[in-house]
Amino acid sequence: MKICLIAEGSYPYITGGVSSWIHSLIKGMPEHEFVLYAIGAQEKNKGSFVYELPENVVAIKEVFLDTYFREEAVPDKRLALKEEEQKALLSLLDGSEVNWAAFFDLLVRGRLPSVGDFLTSRDFFDIVQKLCEQKYPQIPFTEMIWMIRSMILPLCLIIEGGMPEADLYHSVCTGYGGITGALGKHLYNRPFLLTEHGIYTREREEEIIKAGWIKGHFKDIWIDYFLNLSKCAYGYSDRVITLFGRNKEIQIELGCDEGKIAIIPNGVEVEEYQSLPGKELDEDGAIYIGALVRVVPIKDIKTLIQSFALVHERIPHAYLIIMGPTNEDPEYFEECRQLVASLQLSRVSFTGTVNAKEYLGKMDMLVLTSISEGQPLVILEGMACAKPFVTTDVGSCRELLYGNGDEFQDAGIVVPVMHAGQIAQAMITLCVEEELRRQMGQNGLQRVSALYTKSQFLQAYRNLYREMEVQPWQASGLS
């Protein structure tokens, strides 16, 4: 079977949990061919892969959102849009139910000279004017039309670019990735599988609320826009996979049909994390706190550093080792370095990208201070090498450490998001209570060995692919 696997903002350009998951899935399914549809942020990253693509990746289509802003057009044309096409665009912008079939066909069936012509046409001008009159009369029209153009230009060009033909479309997020999966189903009437690690709509909403460059009612428009993208993916999908129960509840709240949703957790090869290199003999007394994490704002490295400053006051022989790429957000990384310097923390180090297995065995505990997560693969990796965790209460962290009605005991301590004091106290507790560290580490190893193995994860998807291959899938039915 040929599977078009759609990734946005992750594989194969950056490391991280989602990228590792994609790589493991492809390598673990040598019986299938994969066409990789990779959506990236910047064209300068074209061909710059941090993963060696497995042999069963038979093709890759790279799409970069920044290239779209060079689209040229002849302004003020009349394109004679059909009424249903005008309504589809207006509903996308005002947050109401979208006729995605009409919107897709407008952009891929040769109805328009170009996306640039569309976004500078009199027809588009009239639609935005109607939006302002009906819903946002207080927003200046010139500000509105420029914002709407920049908002939907990447979407329009992704749709205009079409999709490679495949037997199955599998997107690992909603958003633009979900739209491309829905487009594949619309064009070829092939099954569409959606896997959500985190909840894309909620993550974008958090970013939009915090964004200083988006003002007033524009925030509402952006939030509605991303919600509509997710609704499209949910509507066209034949199966929706999430990683844990709370995510399923949120998907239902956002409009996904409960009958489509199944839970398949992440998994790791537990045996690969046994007998990792441990501490050197001359490291007596040192306590190593590790954070295997990308240095980006959503991981809240600043709160981690502030927490460690409190730990260091009580445990002067503690060290914080932050392991992971630092080049994804250079400005944020520099702010973190300056914070370390201002707090005079000589025992904090940034390793950059590392082979995790060379470091994990040397840690006494691991910590994750993210403000948003799905089901972090790093926690499963840490549990597989019997390391206790301190994590913030996001995603499935509570379920991983405390269990979900299983027979295993606590594998760490869960603390509130952005609460440096409680994060520090949890780390101090594990620093001073060696037996608790050992027992929590063993509890985690038992839980991951029983419930979160790589073989379980791969078999679940193998069965799902087989089911979707033989089912006589019908057209979506979305109007």
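Q: How do the residues lining the second largest pocket divide into nonpolar, polar and charged?
A: In this predicted model, the lining is made up of 10 nonpolar, five polar and seven charged residues.

Q: What volume does the second largest pocket have?
A: About 390 Å³. Of the 22 residues that line this pocket, Gly361, Met363, Asp364, Ala386 and Lys387 are the closest to its centre.

Q: Which element gives the largest share of that lining?
A: Helix α16, residues 434-451, which contributes five residues.

Q: Back to Ala386. Where is alanine 386 found?
A: In the loop between α13 (377-384) and β12 (389-392). Alanine 386 is not a glycine, yet its phi is positive, at about 60°.

Q: And aspartate 300, what is its phi near?
A: Near 50°, again a positive value in a residue other than glycine. Aspartate 300 belongs to the loop between β8 (287-292) and α11 (301-314).

Q: Is aspartate 300 buried or exposed?
A: Buried, because its relative accessible area is 7% and the cut-off for buried is under 20%.

Q: While we're on backbone: which residues does the cis peptide bond join?
A: Tyrosine 11 and proline 12, with omega at about 0°. Proline 12 is placed in the loop between β1 (2-8) and α1 (17-27).

Q: Change of topic. How many aromatic pairs does the structure hold?
A: There are 21. One of them is formed by tryptophan 100 and phenylalanine 103, in an edge-to-face arrangement with 5.8 Å centre to centre and 85° between the planes.

Q: Why are tryptophan 100 and phenylalanine 103 separated by about one helical turn?
A: Because they are three residues apart in helix α3, which covers residues 100-108.

Q: Which residues form one aromatic cluster?
A: Tyr176, Tyr200, Trp213, Trp222, Tyr225 and Phe226.

Q: What sits over the ring of tyrosine 200?
A: The charged end of arginine 204, at 4.6 Å from the ring centre. Elsewhere, arginine 149 lies over the face of tryptophan 146, 5.1 Å from the centre of that ring.

Q: OK, serine 237. Where is serine 237 found?
A: In the loop between α9 (217-236) and β6 (239-242). Its relative accessibility is 2%, so serine 237 counts as buried.

Q: What does serine 237 touch, leaving out residues up to four places away in sequence?
A: Phe192, Leu194 and Lys260.

Q: Last one, leucine 436. Which helix does it lie in?
A: Leucine 436 is in helix α16, the helix that also supplies the largest share of the lining of the second largest pocket.

Q: What does leucine 436 count as in terms of accessibility, and why?
A: Partly exposed, because its relative accessibility is 26%, which falls between the 20% and 50% cut-offs.

Notes: Residues numbered from 1 in each chain as written. Predicted model: local features only at pLDDT ≥ 70, side-chain atom pairs only at ≥ 80, totals over all residues. Heavy atoms only, no water. 1 Å grid on protein atoms, 1.4 Å probe; cavity = no way out; pocket = protein on both sides within 12 Å on 5 of 7 lines; lining within 4 Å. Points joined across faces, edges and corners; volume = space filled by probe spheres on them. Helix = DSSP H or I, 4+ residues; strand = E, 2+ residues; numbered from the N terminus. Nonpolar A, V, L, I, M, F, W, Y, C, P; charged D, E, K, R; others polar. Phe/Tyr/Trp six-rings, centres within 6.5 Å; stacked < 30°, edge-to-face > 60°. Lys NZ or Arg CZ within 6 Å of the ring centre and 35° of its normal. Buried < 20%, exposed > 50% of the residue type's maximum accessible area, 1.4 Å probe, protein only. Contact = heavy atoms within 4.5 Å.
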